[in-house]
Amino acid sequence: MIMDVAETVSASQASATEVVDDGILATPVVMDLSPDMFRAYCARHGLHFETDQDGDISIRYPYRADRGCGLRVYVYRSGESRSILVVRVRSDKRFRPIHRDQLLREINQYHCDKRWPRIYLRNVADIVEINCESQTDLAAGIHQDLLDDIIDRTIMGSKNFWKWLASRGIPGMHDDAVTE
């Protein structure tokens, strides 16, 4: 199901920080992690997204030449108590198994300079794909502004990784067939 931003968040969820009398800022409201917070994130950023029956969301970023791929961001809760925030960024770029070792060296080099997001390879049949991800245990709760920051940093870090990897010249499986 594709949700429109206008129907996703109530006014009370628009911001976790409120201005009260005389311009004094109130303490952000800490809440249990919920799908409503994911929808509020999308509303605050003007993003269109898809959602499933659990309230998990996915956001699509189209192909861009500077990163050589399109991205899909998945934001969902995980763990026994559903209190772990997972932000996973998957690329539509796939690689041949022959490039696996070179990709591992490049990812390792990237991690020497950058800590986040976590980047890993997955072998799916005869295809190598790369995922970028963050996982944060939020059993103690979180306020909307911090949740937004975690999601933003994971997305931004993933976009930066793909720009960096594009500059490394490792050919994807269908690089000659990409259209904008």
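Visitor: What is the nearest side chain of opposite charge to R77, and how far away is it?
Guide: That side chain is D56, 5.3 Å away. Lys and Arg count as positive and Asp and Glu as negative, with His and the chain ends not counted. This is a predicted model, in which local features need pLDDT of at least 70 and side-chain atom pairs count only at pLDDT 80 or more, while totals for chains, interfaces and linings use all residues. Residues are numbered from 1 along each chain as its sequence is written, and side-chain values use heavy atoms, leaving out hydrogens and water.

Visitor: Which strand holds R77?
Guide: R77 is in β4, residues 69-78; strands are DSSP runs of E of at least two residues, and helices are runs of H or I of at least four, numbered from the N terminus.

Visitor: And what is R77 in contact with, beyond four places in sequence?
Guide: Its contacts (heavy atoms within 4.5 Å) are L33, S34, P35, F38, D54, D56, R82 and I84.

Visitor: Changing topic, how many helices and strands has the chain?
Guide: The chain has three helices and seven strands, in the order β-α-β-β-β-β-α-β-β-α from the N terminus.

Visitor: What share of the chain is buried?
Guide: Buried residues are 40% of the 180 residues.

How values were computed:
Buried < 20%, exposed > 50% of the residue type's maximum accessible area, 1.4 Å probe, protein only. Salt bridge = Lys/Arg side-chain N within 4 Å of Asp/Glu carboxyl O.
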